[in-house]
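Thanks for asking me to look at this one. My notes follow as numbered points, with the structure shown first.

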Amino acid sequence: LVVQLVANGLDPQTAVDAPRFCILDGSQNGKIFIETGFNEDTVAKLARYGHNMEPNVSGHEREIFGRAQIITKDRETGILAAGSDGRADG
């Protein structure tokens with residue numbers, strides 16, 4: 001989510017709604033679970049590089065991606081913006 005906010009400049013709700021990935025065991029060679037909606041060309045390219053991919057995770061299986069609520073504050077204006085995950089109650 002931080003990448004979506006900082007590197008991609010998305011607002012909090014758009015960042016929370018964006019498809020996610022997860023390396024469930026946290027290891028360097030762990031299986032990469034990809035939520036439905038990820039760019040298919042990107043997933044295919046990562047697989048060609050030798051990554052162990054599990055694409056199109058959907059439904060209740062998405063619980064592995066966690067839940068998110070984000071609040072940001074514009075440093076210049078003080079305006080708050082928020083996003084809440086529609087994947088679960090929150």
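1. Helices (H or I, at least four residues) and strands (E, at least two) are DSSP runs, numbered from the N terminus. On that basis the chain has three helices and five strands. Read from the N terminus on, its elements run α-α-β-β-α-β-β-β.

2. A word on the basis of these notes. This is a predicted model, in which local features need pLDDT of at least 70 and side-chain atom pairs count only at pLDDT 80 or more, while totals for chains, interfaces and linings use all residues. Residues are numbered from 1 along each chain as its sequence is written, and side-chain values use heavy atoms, with hydrogens and water left out.

3. Now the overall picture. The C-alpha trace spans about 45 × 25 × 25 Å along its principal axes. Of the 90 residues, 23% count as buried; buried means under 20% relative accessible area, exposed over 50%, and partly exposed in between (1.4 Å probe, protein chains only). Contact means heavy atoms within 4.5 Å, and among contacts between residues at least 6 apart in sequence, 34% join residues at least 24 apart. The chain exposes about 6500 Å², with carbon and sulfur atoms supplying 50% of it; accessible areas come from the Shrake-Rupley method with a 1.4 Å probe, and for residues only the protein chains shown count as cover.

4. How many salt bridges does a search of the whole structure find? The search gives five, a salt bridge being a side-chain nitrogen of Lys or Arg within 4 Å of a carboxyl oxygen of Asp or Glu. Please look at the network that links Arg20, Glu35, Arg62, Asp85 and Arg87.

5. Glutamate 35 and arginine 87 are both buried.

6. The structure holds one aromatic pair. Rings of Phe, Tyr and Trp (its six-membered ring) pair if their centres lie within 6.5 Å; planes under 30 degrees apart count as stacked, over 60 as edge-to-face and the rest as tilted. Why is the pair of phenylalanine 21 and phenylalanine 38 edge-to-face? Because their planes are at 90 degrees, with the ring centres 6.4 Å apart. Phenylalanine 21 is in strand E1 (residues 21–23), whereas phenylalanine 38 is in the loop between strand E2 (32–35) and helix H3 (40–48). Phenylalanine 21 is exposed at 54% relative accessible area, and phenylalanine 38 is partly exposed at 26%.

7. Finally, threonine 77 is in the loop between strand E4 (69–73) and strand E5 (80–84). Its relative accessibility of 52% makes threonine 77 exposed. The threonine 77 side chain reaches the backbone nitrogen of isoleucine 79 at 3.2 Å.

Methods: A polar contact is a pair of N or O atoms within 3.5 Å; within protein, one must be able to donate a hydrogen and the other to accept it, and residues adjacent in sequence count only if both atoms are side-chain atoms.
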